[in-house]
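Here are my notes for you to read beside the model. Keep the 3D view open and find each residue as it comes up.

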Amino acid sequence: MYEHPELLALVRDGTGAALPAGVPVAIPPHARLATLPGRRPIGLDPRTGDVVELREMKLGRRTVRASAVGAVLPPGWTRLSLPAYRTSAVAPVLPQWAYTAAAWDARLGHVVYAARTDRRTHWDPAAHSTPDLPHLVRDRLARDDNPLLKQLARCALEWSCFTAQNTFYVRDEGAIPASVGCNARCVGCISEQPAGGPPSSHERMDEAPDAERMSRIGIAHLGAAPGRTMVSFGQGCEGEPLTRAQVIAEAIRRMRRATSRGSINVNTNGSLPENLALLIDAGLDACRISLNSAHGPLYEAYYQPVRYCWKDVERSIALAKKRGVYTAINLLTFPGVTDQQGEVEALCELVGRHRVDQVQVRSLAIDPEQYLAVARGKSAGGPVLGMRVLLRKLRGARKGLVIGNFARGLAERH
């Protein structure tokens with residue numbers, strides 16, 4: 001990587017390149033810099049005010065083709081700006097990461113345009129993928145021949161899923177995959193992509209587990225994990241858990257017959273409110289409903305729902321709150337779209353009207369060109385306010401709203 005000696009850093013503001021509106025921060029620990037193949041960096045010439053596309057660069061005696069660079073942030077951070085670049089005609093679709101604008105600062109070194117939005121340390125990457133993890137996995141598998149644990153072992157070791165790893169560390173939020181099928185065809189699905197799409201960052205499990213296998217994992221975790229113990233259905237290696245509500249409900253009942261400790265959560269697209277009600281009847285106490293937008297046309301353009309619609313998701317949010325379930329929105333954010341005025345207003349109205357407990361902000365992991373194509377003509381529109389303004393307005397939408405990146409345990413909920 002090289003710093004251009006003259007050009008100033010630009011970021012993408014949704015419609016094109018612009019000087020950054022905010023001040024960058026030093027790249028946080030465990031963030032990674034990533035090359036963006038087929039994307040040429042652009043910068044601002046301070047002498048002329050022109051935007052300059054850098055196709056090649058002379059380095060000593062060598063002339064090299066230039067590629068743009070972005071950053072991938074660790075948990076607890078939220079992207080504020082996208083990298084600025086121009087795409088070549090043969091650019092590949094980028095792998096599914098949340099690419100963040102990065103630059104160089106003479107005082108700080110590598111910097112990123114991002115904000116720390118959750119300071120809880122239990123998702124610290126330094127505490128995951130530790131040298132003893134393979135031993136913990138082998139030991140657990142030797143003691144328990146549950147086939148679902150073998151799936152979680154793959155998730156923990158091959159895909160570095162922190163929630164799966166927690167199952168073997170026996171702490172915090174543990175994972176219970178439940179479904180192999182899905183009733184959405186999300187453009188950015190991390191476990192199943194069409195031919196010609198980007199490589200999936202996870203691989204969907206082959207066999208749907210029964211209630212006995214799921215409950216064994218849940219009982220062990222809730223019974224032994226200290227502190228904010230929690231188990232969650234709905235993981236990166238599966239489809240939509242509400243499509244298996246009957247089986248999951250039985251697993252929850254078995255868990256609650258064995259222990260009253262901890263929290264039982266579902267990560268869901270909220271597509272089937274009647275099925276969500278079955279889980280609540282069985283003892284579910286928290287749900288995290290994912291959405292990219294509170295504006296129906298953009299939601300449906302990204303999720304591509306099968307036999308459900310945006311109104312069903314709203315019904316699930318309302319149902320969860322009415323039944324006393326801790327209700328979080330897993331907000332998949334994308335600068336230049338999520339922070340459009342119309343999008344911000346729709347989100348704030350949703351949060352306020354349904355008295356949502358928490359918004360977990362997650363930077364959407366997708367090739368920026370893919371998502372911009374999805375959002376074109378589908379978003380609620382209006383001027384881009386900026387991600388910091390979005391966060392500020394969300395805080396004002398409902399008194400007591402929790403904004404962060406991570407689920408809250410029972411003792412942390414208001």
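1. Start with Glu250 and Arg253. Their side chains form a salt bridge, at 3.3 Å from N to O. This is a predicted model, so treat each distance as computed from the prediction. Both residues sit in helix 5 (residues 245-258). They are three residues apart, about one turn of the helix.

2. Which residue forms a salt bridge with Glu250 at 3.1 Å? Arg254 does, and 3.1 Å is the gap between the closest N and O atoms. Arg254 and Glu250 are four residues apart in helix 5, so about one helical turn separates them.

3. Glu250 has 23% relative accessibility, so it counts as partly exposed. Arg253 is partly exposed too, because its relative accessible area is 34%. Arg254, at 31%, also counts as partly exposed.

4. Through them, Asp118, Arg120, Asp172, Arg228, Arg408 and Glu412 are joined into one network. Pick out these residues in the viewer.

5. Now look at Glu369 and Arg12. Their side chains meet in a salt bridge of 2.6 Å, N to O.

6. Why does Arg12 count as buried? Its relative accessibility is 18%, and the cut-off for buried is under 20%. Glu369 has 28% relative accessibility, so it counts as partly exposed.

7. How many salt bridges are there by this rule? The count comes to 33. In general, side chains of opposite charge can pair when their charged atoms come close.

8. Next, the second largest pocket. Its volume is about 1,000 Å³. The lining has 36 residues. Nearest the pocket's centre lie Tyr2, Glu3, His4, Ala102 and Ala103.

9. Which strand gives the most to the lining of this second largest pocket? Strand 14 does, with four residues. Several elements give two or more residues to that lining, among them strand 1 (8-9), strand 5 (32-36), strand 6 (39-44) and strand 15 (109-112).

10. Finally, check what kinds of residue line the second largest pocket. The lining divides into 26 nonpolar, six polar and four charged residues.

Note on methods: Residues numbered from 1 in each chain as written. Predicted model: local features only at pLDDT ≥ 70, side-chain atom pairs only at ≥ 80, totals over all residues. Heavy atoms only, no water. Salt bridge = Lys/Arg side-chain N within 4 Å of Asp/Glu carboxyl O. Buried < 20%, exposed > 50% of the residue type's maximum accessible area, 1.4 Å probe, protein only. 1 Å grid on protein atoms, 1.4 Å probe; cavity = no way out; pocket = protein on both sides within 12 Å on 5 of 7 lines; lining within 4 Å. Points joined across faces, edges and corners; volume = space filled by probe spheres on them. Nonpolar A, V, L, I, M, F, W, Y, C, P; charged D, E, K, R; others polar.
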